[in-house]
Amino acid sequence: SRSYPSVTTDQFVGLGPARSNQPYSFTQDRVKLSADHRGFGTWKFGVGADYDARERSLQAVDTTREATLWARIGVQALDNIGLALKIAHADRNASEYRVVASLLPPDNPLMRKFNIADRQRDSAGLRADFTVTENVSLGLSAQMSYDDYKRSTIGLLDARTIHAGADLSAAIS
């Protein structure tokens, strides 16, 4: 690691103890299983499970394990319009939280960082795909999620997220 002068504000550089960058790392193992079924007419159904395990070094938790169950239903509404709805539930569990000795000043022992804290997430997303021409397609998506940081006392306790996206693709020949 390499040490740098502490910065409180632009006017108070180097007044506190030096801070060091730590060589953080993680190993990630992921497994994804899914099954799809083409139903009656133009309906499609899908279910799946995703698993994400991470082993971390020099952080407040050694491991996080997240399991996600999801279901999707889609339909080709017209020749040029496809619609899909996906719902999911995820549960992330972290190993025992601890204060990292190399951080000065140390974190509050009750603080839980949102990216490694225990969390339950419920989400729903809607996607519409339009075939504009034979070579051009447009996709629109919207997703909402609710996060519950179930064992956090200080820090982020819950969160609601809404996002929307659009993509345009063209096949050039």
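Strand β8 gives the most to the lining of the largest pocket: seven residues. The model is predicted. The pocket holds about 570 Å³ of space. Its lining counts 28 residues, and the closest to the centre are T68, K86, A88, S123 and Q143. Other strands take part as well. At least two lining residues each come from β3, β4 (43-57), β5 (63-78), β6, β8, β9 (136-148) and β11.

**The sheet**

These strands form an open sheet. The sheet has seven strands in the order β3-β4-β5-β6-β8-β9-β11, and the pairing is antiparallel. β3 (25-38) and β11 (158-170) stand at the edges. Each has a single partner strand, so one side of each lacks a neighbour in the sheet. On average, neighbouring strands are turned by 15° against each other, direction ignored. Strands of a sheet pair through backbone hydrogen bonds, either parallel or antiparallel.

Strand β6 (residues 81-94) and strand β8 (residues 119-131) run antiparallel and are joined by 12 bridges. Within this pairing, A90 has R121 of β8 as its bridge partner.

K86, one of the residues closest to the pocket centre, has its charged end over the ring of W70. R112 does likewise with Y97.

| Charged residue | Ring | Distance from ring centre |
|---|---|---|
| K86 | W70 | 4.6 Å |
| R112 | Y97 | 4.2 Å |

**The aromatic pair**

A pair of aromatic rings is described by the distance of the centres and the angle of the planes. The count here comes to one aromatic pair. F40 and W43 have ring centres 6.4 Å apart and planes at 40°, so the pair is tilted. That angle falls between the limits, since planes under 30 degrees apart count as stacked and over 60 as edge-to-face.

How exposed are the two partners? F40 has 62% relative accessibility and counts as exposed. W43, at 32% relative accessibility, counts as partly exposed.

**A loop residue**

D118 lies in the loop between β7 (111-112) and β8. Is D118 buried or exposed? D118 is buried, because its relative accessible area is 8%, and buried means under 20%. D118 and I154 are 36 residues apart in sequence. In space they are 13 Å apart, C-alpha to C-alpha.

Technical notes: Residues numbered from 1 in each chain as written. Predicted model: local features only at pLDDT ≥ 70, side-chain atom pairs only at ≥ 80, totals over all residues. Heavy atoms only, no water. Phe/Tyr/Trp six-rings, centres within 6.5 Å; stacked < 30°, edge-to-face > 60°. Buried < 20%, exposed > 50% of the residue type's maximum accessible area, 1.4 Å probe, protein only. Lys NZ or Arg CZ within 6 Å of the ring centre and 35° of its normal. Pairing = 2+ DSSP bridges. Helix = DSSP H or I, 4+ residues; strand = E, 2+ residues; numbered from the N terminus. Axes fitted to C-alpha atoms, helices over the stretch in contact; angles between N-to-C directions. 1 Å grid on protein atoms, 1.4 Å probe; cavity = no way out; pocket = protein on both sides within 12 Å on 5 of 7 lines; lining within 4 Å. Points joined across faces, edges and corners; volume = space filled by probe spheres on them.
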